[in-house]
Amino acid sequence: PLGKDKLAYLNRAIFNSGFFLHVPKNVSIEKPIRQIFSSDSDSFSLFSRSIIVLEESANVSILAEDYTHSNSDKSSIYSSLVEVYLKDDANFAFSNIQAHARNVVSLANRQVRCGRDSRVKWAGGYTGGSITRSRIETLLEGRGSFARDYEFVYGDGNNRSDITTDMIHIGESTDGEIESRGVLRDKARSTLKGVIKIENVARNAHSFVGNHAILLSKEARADTVPALEIVTNEVTAKHSASVAQLDENQIFYLMTRGLTLKEAVWVIITGFLDTVTSQIPLEDTREAFMKLIAERYQKAREVSASLVTIIPQESRVRLFQLGRIADFADDATKGIEVEGKKILISKIGGKFHAVGGICSHEYAELDRGFFKDDVVTCPLDLSQFDLKSGVALNPPAVDALPVYKVHTLDQKIYVELEPSGYT
């Protein structure tokens, strides 16, 4: 039977909301059916149960949106149970996005039984709430039935989420895939579990499960648990899993293209989630949901423990390419203009250094001066400056030259500075 989960049984016992949908044979509903739940109550308990039946060759898609808004410390509970029965050749899609207030416990159960050559696609997005628990069960009973399940979670604060998907192959030549993604920051915790079961009569089944998460802070944690239970031969089953912080080389590359650290990380996050978010059928809803996640992201104080040591989170600096390492001979200095700033870039003892290229006493371009070892002499007043520290070594100059951090990546040299046109 569908829904062996104990919280699904609880929902059936006390549900106080929901709907029943029956789509007759050969009926196709072209536009998605949109169900919206929105509450600004300080405390509530809602148990919603929906039953959906599609007859042969029927077609429908549903978009369920759940929004809660509250600053209360009182706990609220939102339980949603969706039961779907697909006859032969039916085509069904269900997308659910949840954006809950901090005091909400969300319990979601989705279950489907698939007939011959039927198709189902699940998509779920979760953000906010104190606890999010989701259970998705897909029974591929009919020969040639097809299923895809896409889930993603954005966790922040002390959010806890547990997303588990079961896909059970019973009929022959069935095809099922699970893709779960998570992005976590602050002290958020998440478990992403995907279970593929292939029964002994499900020959020629194809299945894949992937669970992946990105951590944006030191204290965030994710557990990705793909599992395969196969009791027959003549099947194809694969799995993948990963939990990691952001790739510094990717961020560095994006920053060399003019993005700040925070902007670069957001580009990577949106690309990482696109596999799942692109499954939300209505563009305006998809954009609105990503906007909610973007607002939560912009409040982040920490992006990545390793990256914060390189460039502060709130820094306005960007990276600009100065040239290739091979272009600089040992103990050589060049004058380069970047964003209206004149800079001296020096290679001293195998290391690169960058200082301002204008004398601090009186305007003079130092690349026209005299160089010896790690010292430059101003061509106008003969003031001398250290090319490593920018310190003025003799009068009339007193003030030091500005110093810029230099980075190297893929045989290229980059300087870190705040653009003159930045506002």
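What you're looking at is a predicted model, in which local features need pLDDT of at least 70, side-chain atom pairs count only at pLDDT 80 or more, and totals for chains, interfaces and linings use all residues. Residues are numbered from 1 along each chain as its sequence is written, and side-chain values use heavy atoms, with hydrogens and water left out.

That bridge belongs to the pairing of E21 with strand E22 (residues 375-377), where three bridges join the antiparallel strands. Strands here are DSSP runs of E with at least two residues, helices are runs of H or I with at least four, and both are numbered from the N terminus. Two strands pair if DSSP finds at least two bridges between them. Zoom out and you get an open sheet of three strands in the order E21-E22-E23, paired antiparallel. Strand E21 (370-372) and strand E23 (384-386) are at the edges with a single partner strand each, so one side of each has no neighbour in the sheet. From one strand to the next, the twist averages 25°.

Now over to strand E10 (residues 146-155), which is mostly covered: 10 of its 10 residues are buried, meaning under 20% relative accessible area with a 1.4 Å probe, protein chains only. Phe146, Arg148, Tyr150, Phe152 and Tyr154 point one way from E10, while Ala147, Asp149, Glu151, Val153 and Gly155 point the other way, and all are buried. As for partners, E10 pairs in the parallel sense with strand E8 (residues 119-128) over nine bridges; arginine 119, for one, is bridged to phenylalanine 146 in E10. E10 also runs parallel to strand E12 (residues 175-184), joined by 10 bridges, and here tyrosine 154 has valine 183 in E12 as its bridge partner.

Last stop, a helix pair. Helix H2 (residues 248-255) packs on helix H3 (residues 261-277) at an angle of about 120°, with the axes 9 Å apart. That makes H2 oblique to H3, since angles under 35 degrees count as roughly parallel, over 145 as roughly antiparallel, 65 to 115 as roughly perpendicular and the rest as oblique. Gln250, Ile251, Leu254 and Met255 in H2 meet Leu261, Ala264, Val265, Val267 and Ile268 in H3, where contact means heavy atoms within 4.5 Å. The residues of this contact divide into eight nonpolar, one polar and no charged.

Key: Axes are lines fitted to C-alpha atoms, for helices over the stretch in contact, and angles run from 0 to 180 degrees between N-to-C directions. Ala, Val, Leu, Ile, Met, Phe, Trp, Tyr, Cys and Pro count as nonpolar, Asp, Glu, Lys and Arg as charged, and the others, Gly among them, as polar. Buried means under 20% relative accessible area, exposed over 50%, partly exposed in between (1.4 Å probe, protein chains only).
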